[in-house]
Amino acid sequence: MIIERFLLVLMLSFMGIFGYSQIQVTGGDQTPYTPENLISNILLGSGIDINNVVHDGTSSSVGYFTNGMADIGLQRGIVMSTGLAVTAATPNDAPNTGGVTSTSIFQDDDLGALTSTPLKDITRYEITFVPTADTLRFNYVFASEEYPEFVCSKFNDVFGFFITGPNPAGGNYDGVNIAKIPNSTGTGFSNFPVAINSVNGGLIGDSASSDCSGSSESLSFSQYYNDNTGSTTFTFDGFIDAFTAEALVIPCQEYTIK
């Protein structure tokens, strides 16, 4: 049985500490890194006042990573996984590294809208906060065990970064997904989500069930994809370059990110 699984790595863009050594992960089930203080103490720094943090999934599905520059291009931050977060820092020496954090205990309509297949396992944060600056910006890396064989299949691991709150341009953000493939505007998919069926190595997988010609699918962004075959330090079969999720905000107003 294939366990659907993805990794999301997030960090504030100003936390750019450089170094070159093997990535290390401490799980959110290990003191002192609870799911809540990973957000308060690792992910969000100065310029944001946190009002509430809700995590859905097991505490072992999140963690704190360090020494990630050589492996994924980010030095430190948090890990979110639908498997066990600590297994991210293990060799890629098995075809399917498994684990389950939620099965179908809960769903998410915003995330579900990004893919045509039912959601099977989710890890999710919902953070309510007040910014003191005018821009919210995160760097992140998306990785999956479904690369490359399940590209263009129903096993379409997907990530969303949704913001709700006042829009400086007028009106409100209402669950707007700001996790998008760079430079995808003009291809006909200006809201292209980050998923294995949209950003991949450019080849249809051996276990494919479509040709990736759907409205949120593509084989045209292989320049952002990294084959991780044979890695002795990072377990996922493939991952994307570090992307930036960014939104303009109004200082001193309340927002929610999910």
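Which residue in E10 stands opposite Gly165?

Guide: Tyr173 in E10 stands opposite Gly165. First, the ground rules. The model is predicted: local features need pLDDT of at least 70, side-chain atom pairs count only at pLDDT 80 or more, and totals for chains, interfaces and linings use all residues. Numbering starts from 1 along each chain as its sequence is written, and side-chain values rest on heavy atoms, with hydrogens and water left out.

Now the strands. Strand labels are DSSP runs of at least two residues (E), helices are runs of at least four (H or I), and numbering goes from the N terminus. Strand E9 covers residues 162-166 and is joined to E10 by five bridges. The two run antiparallel. Two strands pair if DSSP finds at least two bridges between them. Besides Gly165 and Tyr173, Pro166 faces its opposite number Asn172 in E10. E9 and E10 make a hairpin with five residues between them. In that turn, Gly170 has a positive phi of about 120°.

E9 also pairs with strand E15 (residues 255-257), in the antiparallel sense over two bridges. There, Thr164 stands opposite Thr256 in E15. E9 is mostly covered, with four of its five residues buried. Buried means under 20% relative accessible area, exposed means over 50%, and partly exposed falls in between (1.4 Å probe, protein chains only).

These pairings belong to an open sheet. Five strands line up in the order E3-E6-E15-E9-E10, with antiparallel pairing. Strand E3 (48-56) and E10 are the edge strands, and each pairs on one side only. From one strand to the next, the twist averages 10°. Angles like this run from 0 to 180 degrees between N-to-C directions, with axes as lines fitted to C-alpha atoms (for helices, over the stretch in contact).

Next, the rings. A search of the whole structure finds 13 aromatic pairs. Rings of Phe, Tyr and Trp (its six-membered ring) pair if their centres lie within 6.5 Å; planes under 30 degrees apart count as stacked, over 60 as edge-to-face, and the rest as tilted.

Tyr224 and Phe243 give another edge-to-face pair, at 5.3 Å centre to centre and 90° between the planes. Tyr224 lies in the loop between E11 and E12 and Phe243 in strand E14 (residues 243-248), so this pair ties together parts 19 residues apart in sequence. Tyr224 and Phe243 are buried. Ring pairs also link Tyr224 and Phe243 into a cluster with Phe138, Tyr140, Phe159 and Phe161.

The loop between E11 and E12 holds a cysteine too, Cys212. A disulfide is a covalent bond between the sulfur atoms of two cysteines. Here it is called when two cysteine sulfur atoms lie within 2.5 Å. The structure holds one disulfide, and it joins Cys152 to Cys212 with S to S at 2.1 Å. The link of Cys152 and Cys212 is left-handed, with -125° about the S-S bond. Cys152 lies in the loop between strand E7 (135-144) and strand E8 (158-159), 60 residues apart from Cys212. Why do both ends count as buried? Cys152 has a relative accessible area of 0%, and Cys212 counts as buried at 5%. Cys252 is exposed, at 58% relative accessible area.

Elsewhere, strand E2 (residues 24-27) has two faces. Val25 and Gly27 make the covered face, while Gln24 and Thr26 make the uncovered one. E2 runs antiparallel to strand E4 (residues 62-66), joined by four bridges. Tyr64 in E4 is the bridge partner of Thr26.

One last detail. Ser81 lies in strand E5 (residues 77-81). Ser81 counts as buried, at 1% relative accessibility. Its side chain reaches the backbone nitrogen of Gly83 at 2.9 Å. A polar contact is a pair of N or O atoms within 3.5 Å; within protein, one must be able to donate a hydrogen and the other to accept it, and residues adjacent in sequence count only if both atoms are side-chain atoms.
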